Structures are given as structure tokens and as C-alpha cells.
Amino acid sequence: MINRHHQKGLTLMSLLFWGVIIIFMALLAMKLIPAYTEFFTIQKILSDIGNDPNIKSMSNGEIRDKFSKRAMIDNIATVKPSDLDISRDGGTTVVSVEYPFQTTLVGNISLLVDFSASSDGSGSRSSKPIE
């Protein structure tokens with residue numbers, strides 16, 4: 001006869017528990033990875049615009065047009081050129097954007113992530129939260 005006190009391994013309940021945890025983490029990854037990929041692309045576009053030697057002489061419309069062209073090439077849909085905040089302080093031009101990303105997780109449960117990107121690499125133009 002087998003002594004059950006010395007058996008080791010996963011029970012069916014623990015296997016189901018860990019399966020649910022792994023599936024939930026995979027679902028989160030599938031929903032968040034595209035959002036973060038798009039964020040890093042937006043950050044790269046803004047950084048490239050900020051490093052352009054002609055940015056000081058460009059008008060706000062020209063900067064927005066440059067962003068629009070790059071966004072079309074990189075298939076950016078969450079940020080429009082009108083969402084850009086362009087500031088010119090002390091001889092430097094900083095292009096930044098703050099935007100939320102919302103996606104449905106399961107049923108009526110949504111996931112909301114706030115992103116902030118800037119051409120100066122700080123990622124944020126101010127410390128105030130998005131309202």
C-alpha cells in the first residue's frame with residue numbers, strides 16, 4: 001500500500017491555481033506590451049525631433065507636421081499632432097506629450113496607463129498629474 005504522507009507533487013487545485021495565475025499574467029502582457037512599444041516609439045520620435053539642429057527655427061506647425069509624418073510611418077494612433085505641448089524656454093525647445101492608454105482587460109474591467117514622453121528625455125514636462 002502507498003503511504004500518502006510521503007507523496008510529493010502538485011495537487012489538481014494547485015495546478016489550476018497556478019494555471020490561472022499564468023494565464024492572467026499572459027493576458028496582462030498581451031495587453032500592455034503593444035502600449036509600451038508605442039510609448040517607446042513616441043519617445044524616440046520626440047527625441048529625434050528634439051535633436052534636430054533646425055528645431056529652434058521651426059514653427060510649432062512645422063514641428064507638429066514633422067511629428068505627424070513620423071507618426072504615420074510608425075503607425076502611431078494614440079497621439080495626434082495637436083496633443084503635443086511645445087515649449088520654448090531659455091533658447092531650448094522641448095516637445096512633450098502626456099496621454100492615457102485604456103484597454104479592456106476582461107468584460108467590463110479596463111486597464112488604464114498614463115504615459116508622459118518628452119524630447120529632452122525627462123519623460124515629463126511637469127510634476128502635476130493628468131486631470
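This is a predicted model: local features need pLDDT of at least 70, side-chain atom pairs count only at pLDDT 80 or more; totals for chains, interfaces and linings use all residues.
Let me start at Ser122, which counts as partly exposed because its relative accessibility is 45%, where buried means under 20% relative accessible area, exposed over 50% and partly exposed in between, with a 1.4 Å probe and protein chains only. Residues are numbered from 1 along each chain as its sequence is written, and side-chain values use heavy atoms, with hydrogens and water left out.

Ser122 sits in the segment after S3, and although Ser122 and Ser96 are 26 residues apart in sequence, their C-alpha atoms are 9.4 Å apart in space.

Now the overall layout. The protein chain has two helices and three strands, running α-α-β-β-β from the N terminus on; helices (H or I, at least four residues) and strands (E, at least two) are DSSP runs, numbered from the N terminus. Of the 131 residues in the protein chain, 26% are buried. If we take contacts, meaning heavy atoms within 4.5 Å, between residues at least 6 apart in sequence, then 52% of them join residues at least 24 apart.

Which residues have the most contacts inside the largest nonpolar core? They are Ile42, Leu46, Phe67, Val95 and Val97, in a core of 22 residues, a nonpolar core being a set of buried Ala, Val, Leu, Ile, Met, Phe, Trp, Tyr and Cys residues joined through side-chain atoms within 4.5 Å. At least two residues of this core come from each of helix H1 (12–50), helix H2 (60–73), strand S2 (92–106) and strand S3 (109–118), and the largest share, six residues, is from H1.

Phe67, in helix H2, is buried with a relative accessible area of 0%, and, leaving aside neighbours within four places in sequence, Phe67 is in contact with Ile45, Leu46, Ile49, Val79, Lys80, Pro81 and Leu84.

Turning to the helix pair, H1 and H2 pack at an angle of about 140 degrees with their axes 10 Å apart, where axes are lines fitted to C-alpha atoms, for helices over the stretch in contact, and angles run from 0 to 180 degrees between N-to-C directions. That angle makes H1 oblique to H2, since angles under 35 degrees count as roughly parallel, over 145 as roughly antiparallel, 65 to 115 as roughly perpendicular and the rest as oblique. The residues that meet are Lys44, Ile45, Leu46, Asp48 and Ile49 in H1 and Ile63, Lys66, Phe67, Arg70 and Ala71 in H2.

Thr103 lies in strand S2 and counts as buried at 15% relative accessibility; Thr103 touches Lys31, Ser110 and Leu111, residues up to four places away in sequence not being counted. Asn75, by contrast, counts as exposed at 65% relative accessibility, and lies in the loop between H2 and strand S1 (85–89). Most residues other than glycine have a negative phi. The phi of Asn75, however, is near 60 degrees, a positive value in a residue other than glycine.
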